[in-house]
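Trainee: I'd like to go through this structure with you, asking about the terms as they come up. Let's bring it up first.

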Amino acid sequence: MADAISVTGLVKRYGEKVVLDGVDLRVASGRVCALLGPNGAGKTTAVRVLTTLIRPDGGRVEVAGVDVVRRPREVRRRIGLIGQQPAVDDVLSARENLVLFGRLHHLGGPGARRRAEELLEQVGLAGTGAQPVRQFSGGMRRRLDIAAGLVLAPQVLFLDEPTTGLDPAGRRDVWDAVRDLVARGTSVLLTTQYLEEAEQLADDVCVLDGGRVVASGSPRELAAAIGGDRLELVVGDPLRAAEAAAIAGRAAAGPPAREPDGGGERVVVPVQRRPGVVGAVVRALDEAGIAVDDVVLRPTTLDEAYLWITGHDRTAAEVPA
Ligand SMILES: Nc1ncnc2c1ncn2[C@@H]1O[C@H](COP(=O)(O)OP(=O)(O)O)[C@@H](O)[C@H]1O
Ligand SMILES: [Mg+2]
């Protein structure tokens, strides 16, 4: 079977500005790929090219085996897009909206009603399906948007920041809906600013920064390849924390991070896991007379790897442009 997405050397410019600068991306059929990156990285632009809404300036782009420039209509028949703009009617109920979508897509009355019920259930709106959408909260609207995008169970589904602004329960509903769809054979490309979302949903992660792919692999591979492990120490006396960080830093593969922890400080140091690394650090601290309340060696999180890769603070990346 053809790859769900195959992108080679994709270039997109707006005037003088190069927004996508030679992007390569491959998503095998049946897989979920998360496109991560700070604001302005080019995620939405990439999704717009892949969904035929804008034309690329260079490179080759195929979706479900079909060229987006030469055969855009065929591409559109095979894809679903859930963008950041809602596509539902306020006056209608959620159920009516979904039935309408189904009918617009030639499902027929009974088929459209059946699909509407399934989708309401799937996104957690079964109990409120009769209420006019104008009474919905932001999270409920987003769930309905997603349900509308799922009406046809598309071959490849694109979701541009599907859970931005949702509460944790709403986010889980969306994740369940996506998983359900994947189980039925849909391939997914989603953009997200939430690392947890990538970890929860994606087989593969692709990090975009400044219009280029700066890292890709499974979430686990990415976290492991970039950062190794993290050694965490809790130092009870905050006045000794800088010294503790310097001592631990001798065993480190990168600069230590520090944050307050109770009355003391937590020092986090990237290390390459090897026998004796924890013992050596604890002994050195003991020799310096620094009391350590807690020691932990754990894998690097995707969050930390992401920060490492992009050099961008994720809190800053969450501020809308
Ligand atoms: N229609 C447009 N005209 C000019 N510049 C644009 C347009 N759309 C996006 N850009 C610019 O392209 C860059 C990437 O934007 P975008 O793809 O929306 O990034 P992301 O979705 O990763 O936040 C940004 O610098 C943005 O300002
Ligand atoms: Mg965007």
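Mentor: Two residues are in contact if their C-beta atoms, placed from the backbone, lie within 7 Å. This is a predicted model, in which local features need pLDDT of at least 70, side-chain atom pairs count only at pLDDT 80 or more, and totals for chains, interfaces and linings use all residues. Residues are numbered from 1 along each chain as its sequence is written, while chains are lettered from A and ligands numbered from 1 in the order in which they are written.

Trainee: Which residues of α5 meet which of α6?

Mentor: Gly-139, Arg-142, Arg-143 and Ile-146 of α5 meet Gly-170, Asp-173, Val-174 and Ala-177 of α6. By class, this contact of α5 with α6 holds 3 nonpolar, 2 polar and 3 charged residues.

Trainee: Why are α5 and α6 called roughly parallel?

Mentor: Helix α5 (residues 138–149) and helix α6 (residues 168–183) have axes that cross at roughly 5° and come within 10 Å. Axes are lines fitted to C-alpha atoms, for helices over the stretch in contact, with angles running from 0 to 180 degrees between N-to-C directions. Angles under 35 degrees count as roughly parallel, over 145 as roughly antiparallel, 65 to 115 as roughly perpendicular and the rest as oblique. The angle of α5 and α6 is roughly 5°, so the two helices are roughly parallel. Helices themselves are DSSP runs (H or I, at least four residues), as are strands (E, at least two), numbered from the N terminus.

Trainee: How do you know whether α3 is roughly parallel or oblique to α5?

Mentor: The axes of α3 and α5 cross at roughly 20° and come within 9 Å. That makes α3 roughly parallel to α5. The crossing is right-handed. Ala-94, Asn-97, Leu-98 and Phe-101 of α3 meet Leu-144, Ala-147 and Ala-148 of α5, a contact with 6 nonpolar, 1 polar and no charged residues.

Trainee: On to the sheets. How do you know that β1 and β4 pair?

Mentor: Two strands pair if DSSP finds at least two bridges between them. Strand β1 (residues 5–14) and strand β4 (residues 58–63) have 5 bridges, in the antiparallel sense, so they pair. Ile-5 is opposite Val-63 of β4, and Val-11 is opposite Gly-58.

Trainee: And what joins β4 to β5?

Mentor: Strand β5 (residues 66–67) runs antiparallel to β4, with 2 bridges. Glu-62 is opposite Asp-67 of β5. The two strands form a hairpin with 2 residues between them, and Ala-64 in the turn has a positive phi of about 55°.

Trainee: Which strands stand at the edges of that sheet?

Mentor: The open sheet has 4 strands, antiparallel, in the order β2-β1-β4-β5. β2 (17–27) and β5 are at the edges because each has a single partner strand, leaving one side without a neighbour in the sheet.

Trainee: Which strands form the other open sheet?

Mentor: Its 4 strands run β12-β13-β11-β14, with antiparallel pairing. Strand β11 (residues 229–235) is joined to β14 by 7 bridges, and Leu-233 is opposite Val-295 of β14. Helix α10 (residues 277–287) packs on this sheet, touching β11, β13 and β14, at about 155° to the direction of β14.

Trainee: Last one: what surrounds ligand 1?

Mentor: A residue is near a molecule if its C-beta atom, placed from the backbone, lies within 6 Å of it. Those around ligand 1 include Tyr-14, Val-19, Asn-39, Lys-43 and Thr-44. The shell has 3 nonpolar, 6 polar and 1 charged residues, and helix α1 (residues 43–50) gives the most, with 3.

Terms used: Ala, Val, Leu, Ile, Met, Phe, Trp, Tyr, Cys and Pro count as nonpolar, Asp, Glu, Lys and Arg as charged, and the others, Gly among them, as polar. A crossing is left-handed if the near helix is turned anticlockwise from the far one by less than a right angle, and right-handed if clockwise.
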